[in-house]
2 protein chains.
Amino acid sequence: MTLVDVAKAADVDPSTVSRVLRDDPRTKATPETRDRIRRAAERLGYVANATARSLAVRSTSTIGLLIPNVSGFIYADIIRGASDAARDLGYVLVVADGSELGHAGDAVRRLVLEGRVDGLLLASGTVTDNVAQDLVGEAGNIVVLNRQIGGRGPRIIEDDEFGMVLGMQELISYGHTRIACLAGPPNVDTSRRRIKGYRRALREAGLPFHAGLVVHAGFDEADGYQGMQVLLRKSPPPTAVAAASLAAAVGAMAASRDAGLGIPSDVSIVAFHDAPLANYLTPPLTTIAMPLQELGRQAVEMLHRRLIGEPGPLLVKVEEPAPVLVRRKSVAVPSR
Amino acid sequence: MTLVDVAKAADVDPSTVSRVLRDDPRTKATPETRDRIRRAAERLGYVANATARSLAVRSTSTIGLLIPNVSGFIYADIIRGASDAARDLGYVLVVADGSELGHAGDAVRRLVLEGRVDGLLLASGTVTDNVAQDLVGEAGNIVVLNRQIGGRGPRIIEDDEFGMVLGMQELISYGHTRIACLAGPPNVDTSRRRIKGYRRALREAGLPFHAGLVVHAGFDEADGYQGMQVLLRKSPPPTAVAAASLAAAVGAMAASRDAGLGIPSDVSIVAFHDAPLANYLTPPLTTIAMPLQELGRQAVEMLHRRLIGEPGPLLVKVEEPAPVLVRRKSVAVPSR
DNA sequence: CTGTTAGCGCCTTCAG
DNA sequence: CTGAAGGCGCTAACAG
């Protein structure tokens with residue numbers, strides 16, 4: 001089924017079919033013609049071929065979202081937001097899994113360079129700053145999510161620092177003074193920004209900073225578990241910890257439990273990022289809900305602007321809605 | 001940068017460039033020519049345009065994977081498996097989010113009908129049998145994951161029945177006789193197959209079946225929580241429950257805890273599907289690990305076969321590796 | 001061993 | 001208001 005089949009069936013020129021089926025505003029086809037064409041198309045089950053169209057208009061109307069590990073709790077929200085925005089703007093959003101680091105480069109090549117998508121969102125998560133930068137390279141149509149530092153290209157970030165401050169303030173308000181930071185990997189921008197918030201909160205509360213209380217641990221459960229173990233060996237151990245990810249917090253809770261420590265009776269925890277799961281843990285976990293869906297949405301809007309030649313700022317920060325502390329049961333007054 | 005730019009730079013015909021850059025086996029270009037072309041391409045940073053190629057060869061070399069709710073714990077494995085297989089076979093895999101039901105149809109249209117992908121994997125998850133069937137429609141290039149019944153089209157399933165039997169046997173071996181089934185939604189094939197396993201295990205153990213002990217509850221945490229609440233109101237309540245999903249099990253654990261019941265002291269739980277998270281729950285959750293990655297892999301292999309005109313069976317069942325029971329701490333002997 | 005010639009299916013001036 | 005013609009970038013016979 002092609003345009004010419006429909007044209008024949010409706011007894012008009014293919015170009016006319018093209019125009020009416022696309023509702024080309026510049027065409028003033030008579031209602032009858034329009035109707036005839038539409039019916040013919042309908043009857044033949046015609047659907048325009050996206051590939052041919054893309055070639056002709058030099059644009060695919062699709063944008064990609066590259067995610068390092070789809071399993072992460074937080075990506076659902078980003079995808080949701082991006083997906084909605086994409087639809088609103090007439091794009092189709094496809095997500096690609098770049099789990100193995102080597103493959104991230106692959107994906108960029110096959111999606112962007114080969115022109116399968118008009119642009120790409122790079123949810124760099126665990127990818128190290130350097131590789132993120134390489135990936136962007138010269139391509140102007142890649143926007144990087146949550147990488148502020150060392151980026152030359154377009155990027156969008158959330159207020160990680162403030163988010164962390166929020167979490168810390170909660171802990172501090174309960175009287176904790178010896179608070180650890182279960183940070184993400186070093187050399188990853190989000191980690192740094194979260195740590196910055198950690199230090200700022202300490203400073204603002206007049207609390208001392210102990211380098212020994214921040215441990216770098218990766219973002220997943222196993223990382224959190226191990227990180228918590230090293231924290232627990234400190235003397236004295238912290239009475240509270242701010243974890244840089246939900247998964248790490250889950251691991252940390254398990255480590256505490258295995259060490260015979262109760263939460264929040266012996267150690268309080270707040271986690272960066274919220275997800276339904278947090279409600280169902282034992283105890284329900286106090287979290288910092290970041291505007292992830294909005295991040296996704298604005299990322300595609302930003303990409304869109306660049307695609308249509310209205311670049312706007314190179315760095316945008318998602319301010320609305322602000323991060324929010326979701327109080328549940330994992331924080332209490334310190335017992336020591 | 002197009003083929004002709006490279007051709008000019010290397011001073012040969014575009015078709016020659018095309019041939020050597022693709023390593024077309026039928027071409028016997030002289031090493032010098034090859035070299036000249038490769039260098040020129042390299043120097044110009046040429047990358048073949050996938051859209052144009054697709055149009056010419058009438059195939060995109062990309063396949064889609066439609067997932068209803070990306071947040072699910074189990075999709076990571078499916079994606080991983082599918083992604084690897086796709087790469088091995090020379091496809092790029094893109095995943096689309098069909099979270100809102102209405103959008104699943106949309107996605108099918110834009111991906112398959114408009115020819116953005118050569119074929120589609122439909123991880124139908126929570127989608128009702130009817131809509132899954134509609135989606136497939138006439139398209140021969142859609143393979144449905146985990147939908148056995150009522151499908152006309154190609155589909156691939158895992159041995160849900162056996163998986164459930166495995167979980168039940170564990171419970172039964174500990175002496176439980178009053179075992180509930182926290183089932184998925186009704187009218188969803190996977191639910192039915194899981195329930196079938198539940199009944200079969202009961203039967204084989206000579207235990208009676210009580211319809212009141214199976215409650216349909218959806219697949220997420222909130223569903224599991226509510227389902228467990230209704231189970232707990234039975235008199236007497238079950239001493240163990242087999243949950244049809246990890247998320248539902250998490251919800252069920254929370255409901256038990258909130259009802260003042262200990263796990264596994266008061267109620268034992270096994271969950272369908274495994275994920276890292278299970279290790280870190282309180283207590284660590286005994287699960288049934290299904291070969292999800294293999295499911296993803298075989299799904300793309302199956303699609304590939306159809307795409308190249310070697311259809312094979314319409315229904316394949318993943319047999320290897322077999323489902324495996326992962327024993328952790330959520331099962332104990334009944335206290336009543 | 002390499003160039004010539006047609007398309008793939010659609011869009012878009014430009015005429016009429 | 002509608003048709004004719006050319007082209008998007010690449011591939012694939014078919015010559016030579």
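A: A word on terms before we start: a helix axis here is a line fitted to C-alpha atoms over the stretch in contact, and angles run from 0 to 180 degrees between N-to-C directions. Keep in mind, too, that this is a predicted model.

The part to zoom in on is the pairing of helix 8 (residues 160–173) of chain A with helix 9 (residues 189–204) of chain A, whose axes come within 7 Å and cross at roughly 40 degrees. Angles under 35 degrees would count as roughly parallel, so helix 8 of chain A and helix 9 of chain A come out as oblique to each other. As for handedness, helix 8 of chain A and helix 9 of chain A make a right-handed crossing.

Who does the touching? On the helix 8 side of chain A, the contact residues are Asp160(A), Glu161(A), Phe162(A), Gly163(A), Met164(A), Val165(A), Met168(A), Gln169(A) and Ile172(A). Helix 9 of chain A answers with Thr190(A), Arg193(A), Arg194(A), Lys196(A), Gly197(A), Tyr198(A), Arg200(A) and Ala201(A). Sort the residues of this contact between helix 8 and helix 9 of chain A by class and you get seven nonpolar, four polar and six charged.

From helix 5 of chain A the contact draws on residues including Ile78(A), Ile79(A), Ala82(A) and Ala85(A), while helix 12 of chain A brings, among others, Leu292(A), Leu295(A), Ala299(A) and Val300(A). By class, the contact of helix 5 with helix 12 of chain A holds nine nonpolar, three polar and six charged residues.

In total, 39 residues of chain A are in contact with 39 residues of chain B.

Now zoom out to chain A as a whole. You'll find twelve helices and twelve strands in chain A. Its radius of gyration is 25 Å, well over the 20 Å that the globule rule gives for 336 residues, so chain A is more spread out than a compact globule. The C-alpha trace of chain A spans about 85 × 40 × 30 Å along its principal axes. Even so, buried residues make up 51% of the 336 residues in chain A. And of the contacts in chain A with a separation of 6 or more, 71% link residues 24 or more positions apart.

One last stop is Ala332(A), in the segment after strand 12 (324–326) of chain A. Ala332(A) touches Tyr174(A), Pro264(A), Ser265(A) and Ser268(A), leaving out residues up to four places away in sequence. With 19 other C-beta atoms within 10 Å, Ala332(A) is partly exposed; buried would take 20 or more.

Terms used: Residues numbered from 1 in each chain as written. Chains lettered and ligands numbered in written order. Predicted model: local features only at pLDDT ≥ 70, side-chain atom pairs only at ≥ 80, totals over all residues. Helix = DSSP H or I, 4+ residues; strand = E, 2+ residues; numbered from the N terminus. Rg over C-alpha atoms; globule rule 2.2 N^0.38 Å. Buried ≥ 20, exposed ≤ 12 C-beta atoms within 10 Å, placed from the backbone. Contact = placed C-beta atoms within 7 Å. Parallel < 35°, antiparallel > 145°, perpendicular 65-115°, else oblique. Left-handed = near helix turned anticlockwise from the far one by under 90°. Nonpolar A, V, L, I, M, F, W, Y, C, P; charged D, E, K, R; others polar.
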